[in-house]
Amino acid sequence: MPSSLPNHPDLMTGVRTVEVEAPARLHLGFLDPAGTLGRPFGSLGLTVDAPQTRLSLRASSRADAGPVSADPGVPAAEVERAARHLLTMQQRTGLADKALHLRLHETLPAHAGLGSGTQLALAVGRAFCGWHGLDLPTATLAAWLGRGLRSGVGIAGFDAGGLLLDGGPLAHGAPAPLLARIEVPADWRVLVVTDPATRGLSGDAERAALAQLPPLSREQAAAICHETLMRLLPGCAGAGFAVAAAGLSAIQDVLGQHFAPAQDGEPYTSPAVGRLMRWLRQAAATGAGPDEQGAGIGQSSWGPTGFALLPSAARAQALMGAAQAAGVVAPGLQWRVATPLNRGARLSDRIAAAQPGDAARCLA
């Protein structure tokens, strides 16, 4: 996504702003975390339209207190992370001669299983490239900013969106290659549920947990690959919702049991999310026509975000209404009906006219 017209004459009379919107990423599971054939991990991912990361980059002014600021509600930790990424981009490219100001408008919840770290880093990197007219591959930005070391679906989600399958990171450190990208049917929805009171594992705690877990057996890895290649991917490609949902739930069953020892013996980091997901799975098996029965249920990464892949918005709303009536939606849980997003991040290069009230003009 290169910048358009970085030296446009209107820049002399208006305020130029490069904006980036990046989608949330659900991590649907690893294929083979133990690397029984020599290549560890391999990942499944799905991008959704909300929540998202939104930021903008412009020339700094005297009124700016620092290189990065944020709208109300954006955590200070995200401002600090963004400032580090901006500095890294300046150092890597040698383009630090012009003072820039980065504004965070919205960020994904950190350590919630939504890919917040990767999407923020890539959004900063892409905005910087857009401003300077640099056409750098997203994989290069990820390597510079320390992302994509284990999974490649965050990078692929930023670039293209959809249902994504990667083949695990390469031995020499290159990002995991994208093996498949499938557009999810437009009518399908994803019920995304998270618990703000709980955080998923990350950093040293995540590495320690992975090191202490017993290896996933070759038989279990084979079962995950079988479900992926013969149910989840074909279901999304046209075999039907019920096929895809059954495959996704089966994958999550294997992985939930495997990672449970690192999550107090449970497949879900948040007990409240786990209770709701189990109820939804049972309720989704009945009460609808054959084409709308079932749900692809699981936890994204280390949670606490849980998800339910469902055949329609109406089905998602009906199930959540029933869950609320049944009293299984704990106070404090946050949920939304999201749409699978079959595109990646968006960049726009705008020049706001100097006169108040004049419309901004999109250049990219």
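Trainee: What makes Val337 the bridge partner of Leu191, and which strand holds Val337?

Mentor: Val337 is the bridge partner of Leu191 and belongs to S10. Strands are DSSP runs of E with at least two residues, and helices are runs of H or I with at least four, both numbered from the N terminus. This is a predicted model, in which local features need pLDDT of at least 70 and side-chain atom pairs count only at pLDDT 80 or more, while totals for chains, interfaces and linings use all residues. Residues are numbered from 1 along each chain as its sequence is written, and side-chain values use heavy atoms, leaving out hydrogens and water.

Trainee: Which strands stand at the edges of the open sheet, and why is one side of each left without a neighbour?

Mentor: The sheet has 4 strands in the order S8-S9-S7-S10, with antiparallel pairing. Strand S8 (296-299) and strand S10 (334-338) stand at the edges; each has a single partner strand, so one side of each lacks a neighbour in the sheet.

Trainee: Why is the pair of Trp188 and Phe241 called edge-to-face?

Mentor: Rings of Phe, Tyr and Trp (its six-membered ring) pair if their centres lie within 6.5 Å; planes under 30 degrees apart count as stacked, over 60 as edge-to-face and the rest as tilted. The centres of Trp188 and Phe241 are 5.3 Å apart and their planes stand at 85 degrees, so the pair is edge-to-face.

Trainee: Is Trp188 buried or exposed?

Mentor: Buried means under 20% relative accessible area, exposed over 50%, and partly exposed in between (1.4 Å probe, protein chains only). Trp188 has a relative accessible area of 6%, so it is buried. Phe241 is also buried, with a relative accessible area of 6%.

Trainee: What makes the pair of Phe30 and Phe41 tilted?

Mentor: Their ring centres are 4.8 Å apart and their planes make 50 degrees, so the pair is tilted. Phe30 lies in strand S1 (residues 15-32) and Phe41 in strand S2 (residues 41-59), so the pair ties together parts 11 residues apart in sequence. Both Phe30 and Phe41 are buried.

Notes. Pairing = 2+ DSSP bridges.
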